Amino acid sequence: MDMKSPSRRSFLAGAVTYTLAGQAAAQSINGRGLTVGFIGSGIRGKQLIDEFTEVPGVRGIAVADLYDGCLERAKEQLGSSIQTTKDYRAVLDNKEVQAVCIATPDHLHERMVHDALDAGKHVYIEKPISWSFVEGQRMVAASNARPKQVLQVGSQGKTSALTAKAREVVASGRLGKLNMVRLSEHRNNAEGAWIYPVPPDASPQTVDWQRFLGARPARPFRAETFFRWRCWWEFSGGVATDLFVHQFTTLHEILNVKHPAAAVSMGGIFRWNDGRDVPDVMNSMLEYPEGFIVDLYVNLCNSGNRGRGVWIMGDQGAMQIDGGRLTIFPEPVFAEVQRYGSENFPKRHREAYLKSFEGRPETQRRPEEEVRVQRGPTHVARFVESVVDNKPSLENALDGHYAAGAAQLCNHAYRARKRAEWSELG
Ligand SMILES: NC(=O)c1ccc[n+]([C@@H]2O[C@H](COP(=O)([O-])OP(=O)(O)OC[C@H]3O[C@@H](n4cnc5c(N)ncnc54)[C@H](O)[C@@H]3O)[C@@H](O)[C@H]2O)c1
């Protein structure tokens, strides 16, 4: 179907409201309160401090970070009386802290999650849950061993109202048997390629470089590595674990599937040749055991975004999710007559053939449908709700592991230059 057809019509299906759960959470938290410690208060950590403290009843009381400037900024957000430290274990030792929010570079996630669970804290861990597949497996086991502590992974699409609505559409069968998903993400500037500015006072005096390296080999301080860690495999999984992982989390939820069976990937460093070793363009294709493929790419060298959003295709229709919009494109009802397919008939046969379909319906296009969804509670509010109301995590360690694992599978295929099977990973 031509999406740009001037004849296309759209209409709004009834708006869906998903606010009740959030209101209930806010009320119960008001009654009991939750104290949170933040481990990592960089770019994402700063946003999370805001998101947590916007939830009624939540208090941020401690922050660990390795750069003085981030601790100073955290005090600007939370007040000068909070505990600040460069040693995250001091936050875990703080008996007043009930839950921690971890937003550090990926290579440090596993150690911090184990330590936080051992300290009895509830854990909000940013995506990707793990730097490697085996780390993810160990974290799932650790979380399962502590069922009274909530662990929620921080990929916010998982609990959005739009995702819930899209899942409902797929479950209804309106798209028919799914066969393919396509999606892409484009950026073309330094910020999009993670070349973040280095603060003017960054130095071994203001940054705890050894703690950043953790178990990685020792080397002299380098500010660019500390502030742009996503550019190296040693600390990150590149575009796949930074960006694909969100898509996998959301797709797995919408499609009600666990993880892919196999992947192939291609890409390279085509523009941002700044010493990084992760690709700035990567295209992966994955097979799912349920019988469809996912084709996704990130291009950090072109801002195009043509053919926007996520396209979920089935033999009865397609669904586009683009920003906050969800549109359903039902397949046309195709005519039985084949005008093109009978072009090779001699005139007498063709006329008889066409005549035999007289009175039967021609191809009927069906109108697309835009579904509006109102915003619901944030992913952070859902975590708080799980903790205070003693409810299961809405994005548990296994969910996070399946999404990170899918991204790690793409990377494995890319780095080994081969078709990679899920079963190879661990
Ligand atoms: N959910 C989302 O939309 C989203 C968006 C951005 C980032 N993230 C995730 O958040 C995490 C952090 O990303 P970012 O962009 O904020 O990176 P960042 O580099 O801006 O911040 C990381 C912070 O962690 C601190 N840190 C490093 N080691 C530490 C340690 N041992 N103890 C305490 N603090 C330590 C650093 O000082 C830094 O300030 C990553 O896992 C990333 O994938 C998620």
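Helices are DSSP runs of H or I with at least four residues, strands are E runs of at least two, and both are numbered from the N terminus. Residues are numbered from 1 along each chain as its sequence is written. The model is predicted, so local features need pLDDT of at least 70 and side-chain atom pairs count only at pLDDT 80 or more, while totals for chains, interfaces and linings use all residues; side-chain values use heavy atoms, without hydrogens or water.

**Exercise 1.** Find which helix gives the largest share of the lining of the second largest pocket.

*Solution.* 
- Step 1: Begin with the term. On a 1 Å grid over the protein atoms alone, a pocket is an open set of points with protein on both sides within 12 Å along at least five of seven lines, and lining residues have an atom within 4 Å of a point.
- Step 2: The second largest pocket has a volume of about 1300 Å³, a volume being the space filled by probe spheres set on grid points joined across faces, edges and corners.
- Step 3: Its lining has 41 residues, and among the closest to the centre are Gln156 and Gly323.
- Step 4: Helix 10 supplies 7 residues, the largest share.

**Exercise 2.** Describe which residues surround the ligand, and how much of the ligand the protein buries.

*Solution.* 
- Step 1: A residue counts as near if one of its heavy atoms lies within 4 Å.
- Step 2: The ligand is surrounded by 28 residues, and Arg44, Asp65, Asp106, Gln156 and Trp229 are the closest.
- Step 3: Helix 2 (43–54) gives the most to this shell, with 3 residues.
- Step 4: Look for polar contacts, pairs of N or O atoms within 3.5 Å. A polar side-chain atom of histidine 109 lies 3.1 Å from a ligand oxygen, and a backbone N or O atom of threonine 104 lies 3.2 Å from a ligand oxygen.
- Step 5: Taken alone, the ligand exposes 840 Å², of which the protein buries 92% (Shrake-Rupley method, 1.4 Å probe).

Definitions and conventions. Polar contact = N/O pair within 3.5 Å; in protein donor to acceptor, adjacent residues only side chain to side chain. 1 Å grid on protein atoms, 1.4 Å probe; cavity = no way out; pocket = protein on both sides within 12 Å on 5 of 7 lines; lining within 4 Å.
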